[in-house]
Amino acid sequence: MGKAAIEAVGVTKIFQSSGQDSLKALDNVSVTIGENEFFTLLGPSGCGKTTLLRLIAGFDFPTDGQILLHGQDIATLPPFQRPVNTVFQNYALFPHMTVGQNIGFGLEMQGKPKAQVEARVAEMLRLVQMEELKNRRTSQISGGQQQRVALARALAPEPKVLLLDEPLSALDYKLRKEMQIELKRLQNETGITFIFVTHDQEEALTMSDRIAVMSMGRILQVGSPRDIYDRPAVRFVANFIGETNFLEGKVVSTAKGQAKIALAAGPTIAAALGEGAKPSGMVTVVVRPEHASVIAASGKATLSGKLENIVYFGTDTHYHVKLNGGGEFTVRHQNIHAGALAFEKGDKVGVLFGADAARVLRD
Amino acid sequence: MATPREIAVAAERRDIRNRWLLTSPALVIIALAAIGPLFVMLLYSFMLKGDYGDVKPWQFSGDGWFGVFLQRDIFDDTLTVADAHITIFWRSVKLSLMTTLATLFLGFPTAYFIATRPAKQRDIWLFLVTIPFWTNILIRTFAMQEVIRNEGIVNSVMVWLGLISAPIQIMYTDLAILFGMAYVYLPLMVLPLYASMEKIDFRLVEAGYDLYATRLQVLRRIIIPLVKPGIIAGSILVFIPSLGAYVTPRVLGGGKNMMLGNLIELQFGQGRNWPLGAALSITLMIIVTLALLIYVRNASKSGGGHG
């Protein structure tokens, strides 16, 4: 991460709804988003991600805290004085203007000379590969094309930061995949900071440089997709992104980045610790299904149990193991080569994973 | 044996006949109640006037139409332009245009205010806007008189505040008619404006702000073009009844400041010149139709388009 583009410092937003009950949409949120970064705010609906985006855009103003753009507080500026543009969830294209007029609108409002606006519009149309559709009405183009126009319109004034509010959610699966690649390409070519809001974990993992996982108005964890997926800090993050096995246990001892945990299911295992974590008492250990493997029951196995179910998914197979000490554990094997499965339902099996695959959660 | 094609054609014919049969009651009512009287009026405008009102049946004459813009001198029979009629026509058009503009300027912010309230509150505001409709227009007009007459609220308060030393004469002027008509017809402007504003996706307004448009630019470049159908509908709804207004100019304008409606009434009443009254009525209708045509052509030409 280079220089900071956007910094939120202790931002709180409380919505006062008709007197009695108020809603705390953001609770003391602080985050730093670097220049030229593809940053994703990920979380379920109602987690505050869109509120944070709207505060950065200037459609709402924070109840408390600062929003800095290149070190300058912009929290109280109206949206038309911020060098930040938004791609709206349903695009919000102006229905009374053509594609070209939509794209040129921002530049025109900035008072750029007509020739310059024209040139930039042509350039943006080329960038999103829509040159032939310049004079179409926005109602005469497809959803994917509207998406491109919305992008071009927001990028045309060369904003410092581009905000994207679930821009792909209205597209069908195949188009969404295409636009994911397209967005990444545009971000690389323009070098603009993208702040992307989504509830789709796959979208977040494939596109982002860094992800902030949000829940109930707070940011729970910020990190690279790999960080977030492989090293979830808290239960919500582990649960929200991908599938996870949760194992309860008690801390026996801790030593430089590792802890010995006596699992409720019986055995004592080694598990990795988050940076600076010093857990004690009851903790939760997470293991991703694909980081473990099913082996024949033996002393080598980390955990042992009975194979309860096998679900075939084509690319991989899920093994559901009922652990001897109670609880369940899912293992995902990739189907590297076709052939008969090594185990059958009802077999006594072992589950194997290393200390680096198991991770102690903070909560 | 009928071919499938013949059967289909026969079915379609039967369908069309049924449709005509089913709509015939409505068509008969429209013919009798709307087109019939218009036809009678057209006929009357070409007949000789009766001595005590009415017309002399089937004695045709162009006098009625002659009188719309011309008058015959009672002494030497020379023809001159009917200045009084021209003045009244001009006053009607001028006051109607001004009423339309006044209601537009008052109604636009009102409709915007209502459209931006939370959904639950909007109905209450709309209800409040329509309340004057429940009252008889005559009573509303007299209420206006209470406000603007020399001893009325406006003058009393201004004198009391020392803004003016003596009451300003508003009653029996064109201004009084304008006030009255703007008040009476305001809901007719607010409702269609609200109907189009309610449909606006306010994210478009946010998108405008986001793309560096100031409040004024958002209004001019985004809101007004999107509300244009409502502006046109509201203007038509206000302009047309204003042009034919009768009660308001009668009460607030007094005898001197007549509008077309009063002139027509005069011909059917004291004037006892029904052919002239009928010709004036049809002239009014032609003006309205022309105004509508201009509107419609403008509306379809720009058809939501905006440079």
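Guide: Helices (H or I, at least four residues) and strands (E, at least two) are DSSP runs, numbered from the N terminus. By that criterion chain A has eight helices and 20 strands. The model is predicted, and local features need pLDDT of at least 70, side-chain atom pairs count only at pLDDT 80 or more, while totals for chains, interfaces and linings use all residues. Residues are numbered from 1 along each chain as its sequence is written, with chains lettered from A and ligands numbered from 1 in the order in which they are written.

The contact between the chains comes next. Two residues are in contact if their C-beta atoms, placed from the backbone, lie within 7 Å. Chain A contributes 17 residues to the contact and chain B contributes 18. On the side of chain B that touches chain A, helix 8 (202-210) and helix 9 (215-243) each supply at least two residues. Helix 8 of chain B provides the largest share of that side, six residues. For composition, Ala, Val, Leu, Ile, Met, Phe, Trp, Tyr, Cys and Pro count as nonpolar, Asp, Glu, Lys and Arg as charged, and the others, Gly among them, as polar. The side of chain B that touches chain A has nine nonpolar, five polar and four charged residues.

Chain B itself is divided into domain 1 (1-45) and domain 2 (83-302), with bounds that come from an automatic or database domain assignment. Their C-alpha centres lie 38 Å apart. Between these domains of chain B, four residues of domain 1 are in contact with six residues of domain 2. The side of domain 1 of chain B that touches domain 2 comprises three nonpolar residues, one polar and no charged.

In chain A, the assignment gives domain 1 (4-230) and domain 2 (243-360), whose C-alpha centres are separated by 39 Å. A residue is buried if 20 or more other C-beta atoms lie within 10 Å of its own, exposed if 12 or fewer, and partly exposed in between, with C-beta atoms placed from the backbone. Of the 363 residues in chain A, 42% are buried.

A nonpolar core is a set of buried Ala, Val, Leu, Ile, Met, Phe, Trp, Tyr and Cys residues joined through C-beta atoms within 7 Å. The largest such core has 159 residues, and Ile56(A) and Ile195(A) have the most contacts inside it. Helix 7 (residues 174-198) of chain B gives the most to this core, with 17 residues.
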